[in-house]
Amino acid sequence: MLSLDLTFFLIAGPAVIFAGISKGGFGSGAAFAAASVLAVVIEPGLALGVMLPLLMLIDFSTLRPYWRKWNAEAAFLLVLGALPGVMLGAALYKVAEPDVFRVLIGLISVGFVVWQLATRCGLLRPAPAVLPRSIGALAGAVAGFTSFVSHAGGPPAAVYLLSLRLSKTEFQATTVLVFLVVNIFKFVPYAFLGMFTSQTLTANLVLAPFAVFGAWLGVRAHRIVSQDLFFLVTYVLLTATGAKLIWDGLT
């Protein structure tokens with residue numbers, strides 16, 4: 001059961017704003033922190049069900065500012081690859097226990113932080129040349145899967161997009177388009193898997209203004225705010241929540 005009490009909204013409201021800022025201005029890489037945070041206090045499937053309509057609302061809210069500024073070929077490859085990834089995520093969800101998803105979301109959260117820190121420290125480097133289109137499709141498949149199980153498709157997609165040396169705005173616009181389409185693909189299997197309830201709908205209606213506000217902030221932050229402090233907070237948040245989810249799933 002999803003308890004729509006004051007505690008839930010005090011946690012969910014800031015988390016949804018955070019997701020809006022990330023998806024609206026920073027390539028959606030940290031948006032899945034919201035699902036990770038919610039999964040600490042409610043069952044993971046419900047956390048994913050609450051977040052998907054809100055993420056779609058953020059996608060639609062940010063589509064107009066980035067309209068036709070995307071790289072169409074890269075977006076097509078990622079979306080094409082995402083389809084089997086989403087199907088694999090749906091198949092896994094049908095047979096897995098909630099604790100499996102706690103561990104998966106936790107591992108993805110912590111892994112994202114490790115990947116980012118390793119890149120910043122020079123242990124991992126961006127691709128020296130444009131990755132082949134086959135890698136773009138593979139990155140899309142991984143993004144589709146991780147997006148389905150934890151709304152964390154941003155990092156796999158970023159690996160391919162970064163190799164293309166896109167401008168900041170072209171990169172952002174491409175992620176907006178890709179994950180708008182991917183989230184639409186996810187909606188039907190989420191519905192069939194029972195991840196939407198009357199309670200998640202109520203939560204969506206209450207949290208919708210937070211999502212739109214976060215998207216509005218994100219679009220403006222894309223132009224004026226340094227990413228360093230934003231992602232420092234993200235890394236701390238994801239490490240803490242990811243570790244908690246892994247612990248809860250294994251104990």
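## Ground rules

In this predicted model, local features need pLDDT of at least 70 and side-chain atom pairs count only at pLDDT 80 or more, while totals for chains, interfaces and linings use all residues. Residues are numbered from 1 along each chain as its sequence is written, and side-chain values use heavy atoms, with hydrogens and water left out.

## α4 against α7

Let's start with helix α4 (residues 72-95), which packs with helix α7 (residues 154-163) at an angle of about 150 degrees, the axes lying 11 Å apart. Helices here are DSSP runs (H or I, at least four residues), numbered from the N terminus. Axes are lines fitted to C-alpha atoms over the stretch in contact, and angles between N-to-C directions run from 0 to 180 degrees.

Who touches whom? On the α4 side are Ala-74, Leu-77 and Leu-78, and they meet Ala-157, Tyr-160 and Leu-161 of α7; contact means heavy atoms within 4.5 Å.

## A salt bridge

There's one salt bridge in the structure, meaning a side-chain nitrogen of Lys or Arg within 4 Å of a carboxyl oxygen of Asp or Glu. Arg-133 pairs up with Glu-73, and their closest N and O atoms are 3.2 Å apart. The two come from distant parts of the chain, 60 residues apart: Arg-133 sits in helix α6 (residues 133-150) and Glu-73 in helix α4.
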